[in-house]
Amino acid sequence: MLALLNTMPGAIAQGLIWGIMAIGVFITYKILDVADLTVDGSIGTGAAVCTMLILAGVNPYLALLAAVLTGCLTGLVTGLFHIYLGIPAILSGILTQLMLWSVNLKIMGKANQAIPARNYSLIVSQMHIPAALPVLLLVSALLVILLYWFFGTEIGCAVRSTGSNQAMSRAQGINTNMTKLLGLSLSNGIVALSGGLLCQYQGFADINMGRGAIVIGLAAVIIGLAIVKRISSNFAVRLIGVLAGGVIYYIVYQVVIFIGLDTDLLKMFSALVVAAFLGMPYVKKTYFQKKLTAKRGKQHA
């Protein structure tokens, strides 16, 4: 048990990084109501850009900013495919994701690149977890504050309105094409921020590091929102819940490793959990609600 407790700080640190990524997924999935699969590629793009700039001697904070801006561009590409070429959002994300695999490979020059923490000054590193945790908490807090402020502005409210009712938003004079582009860019910029932090934390960037990221992101979103559902519907609380969902996911991951279960099956379990939560409203409405209605009808008869 002591060995498990010793792994918790590392699990929390990784959970916060993936929780940041999950906030990006939350923006498209819950706010914009778009199924965006770009994230599997944009998290790797953020990591690749950040890694190569740090290796070139660029300040890690500037490298992280460049990663965020590059991530915004990946979301913009998906938006352009969807809006101006008429490609469905889910296919647009898949196309961009496939493109980014090649782009990331070209950026790094090979399948993976290491950033030795002993040779470079990094923002966070798993070699210094006690120092990394406060930084990650600060970054997470700033992100929540900025998003809470942004989505309270006129532009932010327009993005939320577009996701809630696109036809009504257009009737109110909102340029829904622009709000979609903005939402997708913002989402993937946050995902790339997560990738930039992840490559520094683990000490390398890999071409396959984003594989399955969408599943982890959705799992964190669903877990987090389920936790805060009965607490408050406040937007900031929901964002904090998504962060908490990422932390819980990685704590469970550590427990799975500790008790000796096959970690190769973890993503399959995550996918099943996501499927269960997504399908629960339909199952409840289709099967249980009908039975309840029929039972009440018999009682009245």
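Which residues is His-82 in contact with, leaving aside its neighbours within four places in sequence?

**View 1. The whole chain, a predicted model.** Residues are numbered from 1 along each chain as its sequence is written, and side-chain values use heavy atoms, with hydrogens and water left out. Because this is a predicted model, local features need pLDDT of at least 70 and side-chain atom pairs count only at pLDDT 80 or more, while totals for chains, interfaces and linings use all residues. The chain holds 11 helices and two strands; helices (H or I, at least four residues) and strands (E, at least two) are DSSP runs, numbered from the N terminus. Starting at the N terminus, the order of elements is α-α-α-α-β-α-α-α-α-β-α-α-α. With a radius of gyration of 20 Å, close to the 19 Å that the globule rule gives for 301 residues, the chain is as compact as a globular protein of that length. The radius is taken over C-alpha atoms, and the globule rule is 2.2 Å times the number of residues to the power 0.38. Along the principal axes, the C-alpha atoms fill a box of roughly 80 × 55 × 35 Å. Of the 301 residues, 46% count as buried; buried means under 20% relative accessible area, exposed over 50%, and partly exposed in between (1.4 Å probe, protein chains only).

**View 2. His-82 in helix α3.** Helix α3 covers residues 60-84 and includes His-82. Leaving aside neighbours within four places in sequence, His-82 is in contact (heavy atoms within 4.5 Å) with Ile-87, Pro-88, Ala-89, Ser-92 and Lys-180. His-82 counts as buried because its relative accessible area is 19%. Leu-181 is 99 residues away from His-82 in sequence, and their C-alpha atoms are 9.3 Å apart in space.

**View 3. Ser-92 in helix α4.** Helix α4 spans residues 89-108 and contains Ser-92. Is Ser-92 buried or exposed? Its relative accessible area is 0%, so Ser-92 is buried. With neighbours within four places in sequence left aside, the contacts of Ser-92 are Thr-78, Phe-81, His-82 and Ile-87.

**View 4. Thr-74, another residue of interest, in helix α3.** Thr-74 is buried, since its relative accessible area is 5%. Not counting residues up to four places away in sequence, Thr-74 touches Thr-38, Ser-42, Thr-45, Thr-96, Leu-100 and Asn-188.

**View 5. The largest nonpolar core.** A nonpolar core is a set of buried Ala, Val, Leu, Ile, Met, Phe, Trp, Tyr and Cys residues joined through side-chain atoms within 4.5 Å. The largest one has 71 residues. Those with the most contacts inside this core are Trp-18, Met-21, Ile-23, Phe-26, Leu-147, Phe-151 and Leu-197. Helix α1 (residues 2-31) gives the largest share of the core, 12 residues. Leu-147 is in contact with Ile-23, Ile-27, Leu-186, Ile-190, Phe-235 and Leu-239, leaving aside its neighbours within four places in sequence.

**View 6. Ala-213 in helix α9.** Helix α9 runs over residues 213-228 and includes Ala-213. The relative accessibility of Ala-213 is 0%, so this residue counts as buried. Apart from neighbours within four places in sequence, Ala-213 is in contact with Trp-18, Met-21, Val-39, Asp-40 and Ile-43. Two of these, Trp-18 and Met-21, are listed among the core residues with the most contacts. Ala-213 and Thr-153 are 60 residues apart in sequence, with 30 Å between their C-alpha atoms.

**View 7. Asp-33 in the loop between α1 and α2.** Phi of Asp-33 is near 60 degrees, a positive value in a residue other than glycine. Is Asp-33 buried or exposed? Asp-33 is exposed, because its relative accessible area is 57%.

**View 8. Ala-111 in the loop between α4 and β1.** Strand β1 covers residues 112-114, and Ala-111 is in the loop that leads from α4 to this strand. At 36% relative accessibility, Ala-111 counts as partly exposed. Leaving aside its neighbours within four places in sequence, Ala-111 contacts Leu-105, Ala-205, Asp-206 and Ile-207. Val-247 is 136 residues from Ala-111 along the chain, and the C-alpha atoms of the two are separated by 28 Å.
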